[in-house]
Amino acid sequence: MTTHHPIKPAWTCGGCAGEWPCQTRRQELRAEYDRAPVSLALYLAAQLVDAAQDLVHVPAGHLHYRFLGWTR
């Protein structure tokens, strides 16, 4: 069980206070979705849509990389 959940509306990590998903949570998500990369992308895309409503001041390109770009 992880402590690295997003703290909304700032979308910081509850475990380490970094930007969510933090490096630790990314590793956990990769392990959790090891054989389901499309499911991981869909989950993160839903999180991105939610975060975009809270983080209107953050450029869209940064949000895309933060939530999805690292999954490649």
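Arg25 is buried, with a relative accessibility of 6%. That puts Arg25 below the cut-off, since buried means under 20% relative accessible area. The model is a predicted one. Arg25 sits in helix H1, which spans residues 23–32.

Arg25 has charged partners. Its side chain meets that of Glu28 in a salt bridge, at 3.1 Å from N to O. Both residues belong to helix H1 and lie 3 residues apart, about one turn of the helix. An α-helix has 3.6 residues a turn, so residues three or four places apart point the same way. Glu28 is partly exposed, at 23% relative accessibility. Glu32 also forms a salt bridge with Arg25, and here the closest N and O atoms are 2.8 Å apart. Through shared partners, these salt bridges join Arg25, Glu28 and Glu32 into one network.

Now look at helix H1 as a whole. What covers them? Helix H2 (37–54) and helix H3 (60–67) are included in the cover over the buried residues of H1. Turn to the other side of H1, and Gln23, Gln27 and Ala31 are exposed.

Next comes the loop between H1 and H2, where Tyr33 has its place. Tyr33 is partly exposed, and its relative accessible area is 22%. Set aside its neighbours within four places in sequence, and Tyr33 is in contact with Ser39, Leu40 and Tyr43. His62 is another matter. The C-alpha atoms of Tyr33 and His62 are separated by 23 Å, and the two residues are 29 apart along the chain.

Back to charged pairs. The structure holds 4 salt bridges. One of them joins the side chains of Asp50 and Lys8, at 2.9 Å from N to O. Asp50 lies in helix H2, while Lys8 lies in the loop between strand S1 (6–7) and strand S2 (12–13), so this pair ties together parts that are 42 residues apart in sequence. Are these two partners buried or partly exposed? Asp50 is partly exposed, with a relative accessible area of 28%. Lys8 also counts as partly exposed, at 44% relative accessibility.

Notes: Residues numbered from 1 in each chain as written. Predicted model: local features only at pLDDT ≥ 70, side-chain atom pairs only at ≥ 80, totals over all residues. Heavy atoms only, no water. Buried < 20%, exposed > 50% of the residue type's maximum accessible area, 1.4 Å probe, protein only. Helix = DSSP H or I, 4+ residues; strand = E, 2+ residues; numbered from the N terminus. Contact = heavy atoms within 4.5 Å.
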